[in-house]
Amino acid sequence: MKMVAGIIILVLYHQMGELMMNWLEWPIPGGVFGMLMMFITLLIMKKPPQVIGQSSEFLLRHLAFLFVPAGVGIMLLFDLIKQEWLAMLVSMVLSTFISLGFVAWLMQKLIKLQTLKNHE
Amino acid sequence: MNDLYKLALSFWQGQPYLGVGLTFLVFWLANKLYQKCQFHPLLHPVLTSIIVIIAVLLFIQVDYATYFNGGQLIHFFLGPATVALAWPLYQHFEAIKKIGWSVLSAVLLGILTGATAAVYLAQWLGASTLTQLSLAPKSVTTPVAIAVVEKIGGNSALTAGFVIITGILGAMFGPAIFKLLSIEDDRVKGIAMGVSAHGVGTAKAWQLNHTMGAFSGLAMAMAALMIAFVLPPWLQLLGIF
């Protein structure tokens, strides 16, 4: 029962986010704005209710399951994939490698810089 | 027999049972297989589920719209799941403050570099604008990637596929890339993994090392929050969107 209450709160934040973004005409997804509002709510509350944590962890644990229906939509795009699969694959592989390498390299440099600063 | 089959199909046309039932059943089996094979990234249950469900739908001759009648009931929860990402962000808030601006800038530059590389590589290889746009948010967690791609005009199904394959690539090759660059700090590896390969990479990071897992989860949540604000204007600046 508690889990249901927590999930209803998350649904309300999502809907509120959608409504706000539609009203303000900002190109931010409602869910992301809802996330921001939830984050601020949690920071403001000294002791956030356990239900939010529990139901958040529940949804995140089953996150992979939730995007299966969207993924099945690929069946509508067989023609596009037939034509562009090589470009798609090369782009995905190389950009993932670039991202992994670049972030690791940059982060290492930044951490070194920060520890040097702290020693001064 | 054939008549009964047709009757059943027409009966299910407007009902959610087929989509919901099929998704639950196939995903449950795919998850079992994944666990049996020691969580090998290539057998990620989302990938196997998508392939099997498409095969089943083609076999029983049911179109996507009929499937999505039920599928949307599951799809709906991606929104609240995005809101739920606030929780890990809140829990790691102290850790974020400690390394502060360096993580923030690494995550930010990481998202933009990954997206730019993906878009230009696809463009260079002759992919359509739809494909380029759908590739741009592929390094963040699926609910956010789908929400962002709907705003910039890509295709959400294509993005869902790209996101999951990107996660698998990151989980499979991340450790080798870190070795190649002789990176030993688990915090650094975790952040690179979280920015580049979202939840799938984070799951892999947890398997390897707990510090790496925690930082990967943190970077993933930060990337999800930031991308919605920075990607659309950045693509506009590049003249792609």
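Tutor: Helices (H or I, at least four residues) and strands (E, at least two) are DSSP runs, numbered from the N terminus. The model is predicted, with local features needing pLDDT of at least 70, side-chain atom pairs counting only at pLDDT 80 or more, and totals for chains, interfaces and linings using all residues. Residues are numbered from 1 along each chain as its sequence is written, while chains are lettered from A and ligands numbered from 1 in the order in which they are written.

Student: How many helices and how many strands are there in chain B?

Tutor: Read along the sequence, chain B follows the pattern α-α-α-α-α-α-α-α-α-α-α-α. The counts for chain B are therefore 12 helices and 0 strands.

Student: Which residues of helix 9 of chain B are buried?

Tutor: A residue is buried if 20 or more other C-beta atoms, placed from the backbone, lie within 10 Å of its own. Helix 9 (residues 142-152) of chain B is mostly covered, with 8 of its 11 residues buried. Those buried residues pack against helix 2 and helix 5 (68-72) of chain A, and against helix 5 (78-84), helix 8 (129-135), helix 10 (156-180) and helix 12 (210-237) of chain B. They are T142(B), P143(B), V144(B), A145(B), I146(B), A147(B), V148(B) and V149(B).

Student: Which helix gives the largest share of the side of chain B that touches chain A?

Tutor: Two residues are in contact if their C-beta atoms, placed from the backbone, lie within 7 Å. In these terms, 87 residues of chain B are in contact with 65 residues of chain A. The largest share of that side of chain B, 15 residues, comes from helix 10 of chain B.

Student: At what angle do helix 1 and helix 2 of chain A pack?

Tutor: Helix 1 (residues 2-24) of chain A meets helix 2 (residues 30-44) of chain A through residues including Y13(A), G17(A) and M21(A) on helix 1 and F33(A), G34(A) and M37(A) on helix 2. Their axes, lines fitted to C-alpha atoms over the stretch in contact, are 7 Å apart. Taken between N-to-C directions on a scale from 0 to 180 degrees, the angle is about 115 degrees.

Key. A residue is buried if 20 or more other C-beta atoms lie within 10 Å of its own, exposed if 12 or fewer, and partly exposed in between; C-beta atoms are placed from the backbone.
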